[in-house]
Amino acid sequence: MSHYSGPLLTRPVFDAMTRALRKSQPCITASFDLGQSQAEAALATDGWSLHGQHFAYPEKIRDRTVYYFDGEDFTPLSRFGQYGLIKLVPTDWGVPTFEIDGIKMLPSARVSPLEDARAKVALVQPAGKVILDTCGGMGYFARCCLEAGVARITSVERNPEVLWLRRHNPWSPDPDSAAAGGRLQLQHGDVTAHITQLADASVDAVLHDPPRFGIAGELYSLDFYRQLARVIRPGGRLFHYTGSPNRLTSGRDVPAEVITRLAQAGFKAERALDGVFGIRR
C-alpha cells in the first residue's frame with residue numbers, strides 16, 4: 001500500500017490556523033507534513049483548502065496527537081491492535097515518535113528520533129552493504145541507511161498497526177519511492193521466523209532495536225543471537241539497542257547480560273550509545 005499523501009494536523013498548526021482566521025487572514029503558511037515542508041493554505045469561514053482540496057475545520061485537536069484526513073474527517077493517527085494502542089506522537093523536532101499503550105518507543109526529549117537513529121546506523125557503516133533491520137518500527141534506521149548509500153536493507157516488523165502508522169508518517173521511508181530505488185524491502189512478520197530462512201553469512205550488518213525485554217525476551221535470547229551470528233558474515237557489525245531497564249529499581253544490568261550472551265554466540269561486544277555494539281568474530 002502506498003504512503004498517505006494528504007495533510008497532517010497537530011495542535012500547534014491548528015491553533016495557528018485558528019488565530020489567522022480570527023484576524024481575517026486569507027491564508028497561512030505552515031507545515032502540513034510534520035515539518036518536512038511548508039505550504040500555503042487558504043482560509044475561509046466554512047473551511048480551508050490545501051493543494052486544491054477543501055476541508056472542514058476539525059471540531060477538536062488534542063495535544064500530543066497527529067491527525068490525518070480519512071476521506072471524511074480528520075482523525076487521530078492511533079489504532080488498537082493485538083499489541084495494544086499504537087499512536088503516532090509529534091515532537092518538537094518535527095520527526096514523530098510513537099507509543100504503545102502510552103510507552104514511548106523512540107527517544108525525543110533531547111534529540112530528534114531521526115538523529116538518534118543516524119548515530120546508531122553510523123556504527124554499522126552501511127554504505128554499500130546488505131543490512132538486516134530486525135524490528136523496523138517507524139523505519140528511521142532504514143531511512144538513514146538509504147541516505148548513507150546502503151546496497152540493500154530488509155526491514156522486518158511484526159506489528160500491523162506499526163506498519164499502518166509508518167504508511168502515514170512522512171518521515172518513514174517508502175519502499176516504492178525513487179529515493180529507495182528498490183533497495184528497501186519491508187516485510188510484515190516475526191523476525192525470529194524470518195531469520196531462519198536467511199542463508200549463512202548473507203548480511204554484512206544488523207540493526208537490532210527490539211521492544212523492552214519484558215515483552216520481547218526472545219529477541220534477547222542466546223538462541224536468537226546465535227541466529228544473528230549465523231547470518232552475519234565474519235567481521236560484520238551489529239548495533240543492539242538495550243536501554244537500561246530496571247537499572248535503578250532492581251540493579252539489573254541488561255547491557256552486561258546482552259554482552260555476555262553475544263560473546264557466547266560469537267561476537268566481540270561492548271557498550272555503545274544506549275545499547276551494545278558487536279563485531280562478528
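1. Is Arg271 buried, partly exposed or exposed? In this predicted model, Arg271 counts as partly exposed because its relative accessibility is 44%, a value between the cut-offs of 20% and 50%. The residue belongs to strand β17, which runs over residues 267-272. Its side chain makes a polar contact of 2.6 Å with the side chain of Asp253. Val191 is 80 residues away from Arg271 along the chain, and the C-alpha atoms of the two are separated by 24 Å.

2. Asp204 is placed in strand β15, residues 203-208. With a relative accessibility of 18%, Asp204 counts as buried, because the cut-off for that class is under 20%. A polar atom of the Asp204 side chain lies 2.7 Å from the backbone nitrogen of Val130. Apart from neighbours within four places in sequence, the residues in contact with Asp204 are Lys129, Val130, Ile232, Arg233, Gly236 and Arg237.

3. The domain assignment divides the chain into domain 1 (8-76) and domain 2 (113-280). Their C-alpha centres lie 36 Å apart. Contact between the domains involves seven residues of domain 1 and six residues of domain 2.

4. About 510 Å² is buried between domain 1 and domain 2, and carbon and sulfur atoms give 61% of this area. On the side of domain 1, Leu34, Gln36 and Tyr68 supply 73% of the area buried against domain 2, more than any other three residues.

5. Two residue pairs are in polar contact across the interface of domain 1 and domain 2, whereas the rule finds zero salt bridges there. The side of domain 1 that touches domain 2 comprises four nonpolar, two polar and one charged residues.

Conventions. Residues numbered from 1 in each chain as written. Predicted model: local features only at pLDDT ≥ 70, side-chain atom pairs only at ≥ 80, totals over all residues. Heavy atoms only, no water. Helix = DSSP H or I, 4+ residues; strand = E, 2+ residues; numbered from the N terminus. Buried < 20%, exposed > 50% of the residue type's maximum accessible area, 1.4 Å probe, protein only. Polar contact = N/O pair within 3.5 Å; in protein donor to acceptor, adjacent residues only side chain to side chain. Contact = heavy atoms within 4.5 Å. Domains from an automatic or database assignment. Buried area = accessible area lost by both parts, 1.4 Å probe. Salt bridge = Lys/Arg side-chain N within 4 Å of Asp/Glu carboxyl O. Nonpolar A, V, L, I, M, F, W, Y, C, P; charged D, E, K, R; others polar.
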